[in-house]
Amino acid sequence: MAERFQSFGLATPPAARAIHADDAIALLKGGQARQASLLAYGNGRSYGDSCQNQLGTVIDMRPLNRIRGFNAESGLLEADAGVLLADVIAYAAPHGFFPAVVPGTQFVTLGGAIANDVHGKNHHRRGTFGCHVESFTLLRSDGHSYRCSATDNPRLFRATIGGMGLTGLILSASIRLMRVPSLDIVEKTTRFRDLREYFDLAEAADQANEYAVAWIDQLAGGRNSGRGLLFTGNHAEHGSHAAARASAKFSVPLQPPFNVLSRPFLTAFNAAYRWKKGQAKVPRQVEYQGFFFPLDGARDWNRLYGPKGLFQHQSVVPEEAARAIVPALLAAARQAGQGSFLTVLKRFGGVRSPALLSFPRPGYTLTLDFPNRGAATLALLDELDRMTIAAGGAVNPYKDARMSAATFVASFPEWPRLEALRDPAFMSDFWARTAGIVDLRRRDAEAAE
């Protein structure tokens, strides 16, 4: 059976065509790449269609997976774009280093982490992944390779970080890792009764800890509305320097014919999760895998959502709006009868990314996962978009599979600057249905004048 180059949400069709990275490099170096024909594909962990190009071809970057060099004094690591963060962690851990920023899965490629400017549980201290990129090599359809950094080709550097793969093909990159006393994490769990209590805790938690993230019981209503758990963590002074093998303990080997994560299941799961995790009264030392990447322990867990897949909605709203809008977003989902399996709330800090377009900005970010139930789910997501934009916030493009062009433009008003630097040979389904539509309308309006 041929490999399916699909996004993790499973709600969009897989890529129709794919080629090896070496073949794409030959095309680009020869100046033979057609307009809008290519898009890099890392490990398919984006939830929507930012990693898809139905009218063209995706480039399988995973064969480019060499770690080229590492300075054990400075923490500077150079690697191919197809290297997984799991491999970076395993390579650097014995030397006392760890990536300064990791997303919720270690199974993303280095190129994908740069292209999406991913964030983690420590944005308040370290910013985004792009803040720790020293340089990279970018191959464009003019046949030239460009070394990009803050001083070399700085416009391409800023556009490529967070540019969702649209400026060309990242071949390799140098990133600066963070020195840590060990991989293990001293984790503290704090219960909160409602969102008001969470917001009272959040800023102090960020100031005192390297990592902070909250889990919300999204289905709880009435006097239990907004209850959850705040997890904080710091690297343990005395712990392991050996990375655990990056493999799943469990797997979902087959696609069930229906959504397993029904509302009764979610209600029971949330109650059990809150009870079990909330039992820890004092800080405890845990392995890094469980703290950073809990879902990596179940391979293909996304299949539990059934054949129609899932939609993830991640928003960010300014601090001054958060106390009103976050409860309203959760209430809108409950009123629509939609249950979110994973509901995560985090506080973003003020560390600025070098990226031209970057999702994180000061405020609070809420992430919700919904099974795809067709029109009803899409209507809810549109309403969540509307509420977010009205509050002065933004919706995450690399988690999206359906936002409107208007929502994208409101979230990222600087998008024309990326379009101006987009390589003409590169296109994604996401860009075509958002920025592409706006750009076409703009050209039509100019032609009519």
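Let me start with Phe129, which, once its neighbours within four places in sequence are left aside, is in contact (heavy atoms within 4.5 Å) with Leu85, Val101, Leu110, Ala113, Ile114, Asp117, Val118 and Ile175. Please keep in mind that this is a predicted model, in which local features need pLDDT of at least 70 and side-chain atom pairs count only at pLDDT 80 or more, while totals for chains, interfaces and linings use all residues. Residues are numbered from 1 along each chain as its sequence is written, and side-chain values use heavy atoms, with hydrogens and water left out.

Phe129 is also listed, together with Phe98, Phe136, Leu169 and Phe292, as having the most contacts inside the largest nonpolar core, which has 58 residues. Strand E9 gives the most to this core, with 5 residues, and a second, separate core of 29 residues includes Tyr198, Ala205, Ala321 and Ala322. By nonpolar core I mean a set of buried Ala, Val, Leu, Ile, Met, Phe, Trp, Tyr and Cys residues joined through side-chain atoms within 4.5 Å, where buried is under 20% relative accessible area, exposed is over 50% and partly exposed is in between, with a 1.4 Å probe and protein chains only.

Now to the sheet. Helices (H or I, at least four residues) and strands (E, at least two) are DSSP runs, numbered from the N terminus, and two strands pair if DSSP finds at least two bridges between them. The open sheet has 8 strands in the order E15-E11-E13-E12-E18-E19-E17-E20, with antiparallel pairing. E15 and E20 stand at the edges with a single partner strand each, so one side of each is left without a neighbour in the sheet.

What about strand E13? Residues 228-235 form this strand, and because 7 of its 8 residues are buried, E13 is largely enclosed by the rest of the structure. It is joined by 8 bridges to E11, where Val186 stands opposite Asn234 of E13, and by 6 bridges to E12, where Tyr211 has Gly233 as its bridge partner.

Further along, 8 bridges join E17 to E19 in antiparallel fashion, and Phe311 is partnered with Phe370 in E19. Helix H9 packs on the sheet, touching E12, E17, E18 and E19, and its direction makes about 10° with that of E19; such angles run from 0 to 180 degrees between N-to-C directions, with axes fitted to C-alpha atoms, for helices over the stretch in contact.

Finally, Met164, in the loop between H5 and E9, has a positive phi of about 55° although it is not a glycine, and is buried at 6% relative accessibility.
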